[in-house]
Amino acid sequence: MKLIGLTGGIGSGKSTVGKLLENKGIPVYYSDLRAREIMNETPEIIAQLKAWYGDEIYVNDTLDREKLGPIVFSDSEKLNKLNALVHPAVFEDFDRWKQEQTSPIIIKEAAILFESGSYKECDLVVTVSAPEEVRIIRTMERDQMSREKVINRMSKQWPDQKRESKADYIIRNDSGFIELERAVEQFYYWIQHQ
């Protein structure tokens, strides 16, 4: 079984690339989505987050990311503490998911694949890149977030240039959806022959 890491900064389109690859029959594990779900499902993590940040960060038993975001993204120490709590749970969850897969190729999608060290377990890494301004606008529209908040979150991730220097393959997402579909088709062909 070949494990491919799929990464890219906020607003790059990595989840869209993941969906396009899923449509081709490749199982995709969405780390960021599972991290959110784990923070809503795991009693020990919920209890720890409430202890650190107060009960009010959960509303109707659901993590209020609008409340948590400003706390952790304005303080590197708090963000590191959150990641140290959640990342091991995501790694365990991924390992369980991986054991259930039968496909010869699987994909692990993660925004901070390099930063977290997850890339080390991958056979290949592909990064999705887009111009910074495009990423800012996409994220503002998608998440109803201010420009300042988007830039702050981007500052916590590696820049595209650094990510690209470590990746085995780069998918450019700086045009329209049809061009992205073509780029994913080329990548799909490439991974079949690796």
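1. Leu68, Ile71, Val72 and Phe73 of α4 meet Lys78, Leu79 and Leu82 of α5, where contact means heavy atoms within 4.5 Å. The residues of this contact divide into 6 nonpolar, no polar and 1 charged.

2. This is a predicted model, in which local features need pLDDT of at least 70, side-chain atom pairs count only at pLDDT 80 or more, and totals for chains, interfaces and linings use all residues. Residues are numbered from 1 along each chain as its sequence is written, and side-chain values use heavy atoms, with hydrogens and water left out.

3. The axes of α4 and α5 come within 6 Å and cross at roughly 120°. The two helices are therefore oblique to each other; angles under 35 degrees count as roughly parallel, over 145 as roughly antiparallel, 65 to 115 as roughly perpendicular and the rest as oblique.

4. The largest nonpolar core has 27 residues, of which Met39, Leu49, Tyr53, Ile57, Tyr58, Leu68 and Leu82 touch the most other members. Such a core is a set of buried Ala, Val, Leu, Ile, Met, Phe, Trp, Tyr and Cys residues joined through side-chain atoms within 4.5 Å. At least two residues of this core come from each of α2 (31-41), α3 (43-53), α4 (65-73), α5 (76-100) and α6 (113-116). With 6 residues, α5 gives the most.

5. Leaving aside residues up to four places away in sequence, Leu68 touches Tyr53, Ile57, Leu63 and Leu82. A second, separate core of 20 residues includes Leu6, Tyr30, Leu180 and Phe187.

6. In α1 (residues 14-22), Lys14, Val17, Gly18, Leu20 and Leu21 are buried, meaning under 20% relative accessible area with a 1.4 Å probe, protein chains only. Down the helix axis these residues fall within an arc of 165°, so they line one face of α1.

Key: Buried < 20%, exposed > 50% of the residue type's maximum accessible area, 1.4 Å probe, protein only. Helix = DSSP H or I, 4+ residues; strand = E, 2+ residues; numbered from the N terminus. Arc of directions from axis to C-beta. Axes fitted to C-alpha atoms, helices over the stretch in contact; angles between N-to-C directions. Nonpolar A, V, L, I, M, F, W, Y, C, P; charged D, E, K, R; others polar.
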